[in-house]
Amino acid sequence: HAKRSGRSNYCVFAAEIEAEMRERAELELDMHAGIHRGEFVPYFQPIVMLASGEMIGFEALARWNHPTRGLIGPDLFIPIAEDAGMIQDLGFAVLRRACIEARRWPQHLTLSVNISPLQLNDPWLPQRILQVLCTTGFAPARLIVEITETRLVEDIEAARVILLSLRNAGIQIALDDFGTGYASLKHLRELQFNRIKIDRSFVQDMRAGDNGQIVRAILSLSEGLGLPVTAEGIETDESAVLLAGLGCEFGQGFLYSHAVEAEAALEMARAAHHLGHDAPAMPPEAR
Ligand code: C2E
Ligand code: MG
Ligand code: MG
Ligand code: MG
């Protein structure tokens, strides 16, 4: 009896895997055309100073405007792009569009862009990024490159050299999703990161389990290293207040805004500017 139902389970499972593989192959084909047709676009989520709520910039988050399937999120297509060797083209399509949009924002706002650890395998990455900044006229000092630690960086020495040239060009580097992946404290030092982002899994229910302790540990570590921290996934006033109290400087999450289309982000940026939520003007006597 048990044997028979076990065997039919295999069959259902095999059919599911086959359907999934077919869908992946289909998306992979569509992706190639989609990159060239401009179907991959950045949405933008504001990043704020927790103490004041003042907006300091936006993170660009890729979305795929698929011709038949509608809007697809990155958790589905980024892994496919990485496996299919298309992450570099996709990443640059998004970076270029993001810089063009960010050029229209008030000058003090930063742009954060996600880079796959696989892109660090390209020794020309810094030159390519600077080329985009040059052609779009977006200042390196306003760009923050976010790198997730969810995939192991294959060649630490090569990555170190690449990240060092980005830093030397004035670009900032953030370690994304800290605490969820493979990055060791040694990497944190060696790889020139100058910002840390706490993964939303630790932020979302800080009262549950060990999450609060993990957040505290990350904040005290980063304070010791002198690195500013951004907390992701802030959904409630309670977590915003808690994080600010623990000394976390920056935050982002649905409490402030979802990622929105370029036009809506521009409106948000300009509205904040006009409301005076931008960097406080220096009093004349202090100049
Ligand atoms: P990430 O860089 O850690 O981005 C934060 C993710 O958390 C985003 O998901 C954002 O929409 C989501 N988020 C923000 N606030 C909240 C909140 O309060 N609650 C909840 N539940 N979620 C929140 P998204 O846009 O689906 O992106 C997922 C991941 O895909 C990103 O995680 C990033 O690792 C990757 N990704 C996105 N765009 C790109 C890209 O252009 N290139 C590369 N290589 N990766 C990208
Ligand atoms: Mg990110
Ligand atoms: Mg993250
Ligand atoms: Mg993430």
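Predicted model: local features only at pLDDT ≥ 70, side-chain atom pairs only at ≥ 80, totals over all residues.
Local features are given at pLDDT of at least 70 and side-chain atom pairs at pLDDT 80 or more, while totals for chains, interfaces and linings use all residues. Residues are numbered from 1 along each chain as its sequence is written, chains are lettered from A and ligands numbered from 1 in written order, and side-chain values rest on heavy atoms, without hydrogens and water.

The space taken by ligand 1 is the largest pocket, a pocket being an open set of points on a 1 Å grid over the protein atoms alone, where a 1.4 Å probe fits and protein lies on both sides within 12 Å along at least five of seven lines; a molecule sits in a pocket if more than half of its atoms lie within 2 Å of its grid points. Around ligand 1 there are 25 residues, of which Arg63, Asp176, Arg200, Glu235 and Phe254 come nearest (a residue is near if one of its heavy atoms lies within 4 Å). This shell divides into nine nonpolar, seven polar and nine charged residues, with Gly counted among the polar ones. Strand S2 (55-66) gives the most to the shell, with four residues, and helix H3 (87-102) and strand S6 (172-178) are among the elements that each supply at least two; helices (at least four residues) and strands (at least two) are DSSP runs.

Oxygen atoms of ligand 1 lie 2.8 Å from a side-chain N or O atom of Arg63, 3.0 Å from a polar side-chain atom of Glu59 and 2.8 Å from a backbone N or O atom of Phe254. Taken alone, ligand 1 exposes 800 Å², of which the protein buries 88%, by the Shrake-Rupley method with a 1.4 Å probe.

Asp176 in strand S6 and Glu232 in the loop between strand S8 (229-231) and helix H9 (237-245) are 56 residues apart. The two magnesium ions, ligand 2 and ligand 3, lie 4.1 Å apart and are bridged by Asp176.

Definitions and conventions:
Polar contact = N/O pair within 3.5 Å; in protein donor to acceptor, adjacent residues only side chain to side chain. 1 Å grid on protein atoms, 1.4 Å probe; cavity = no way out; pocket = protein on both sides within 12 Å on 5 of 7 lines; lining within 4 Å. Donors = N, O, S within 2.8 Å, 3.2 Å for Na, K, Ca; no water.
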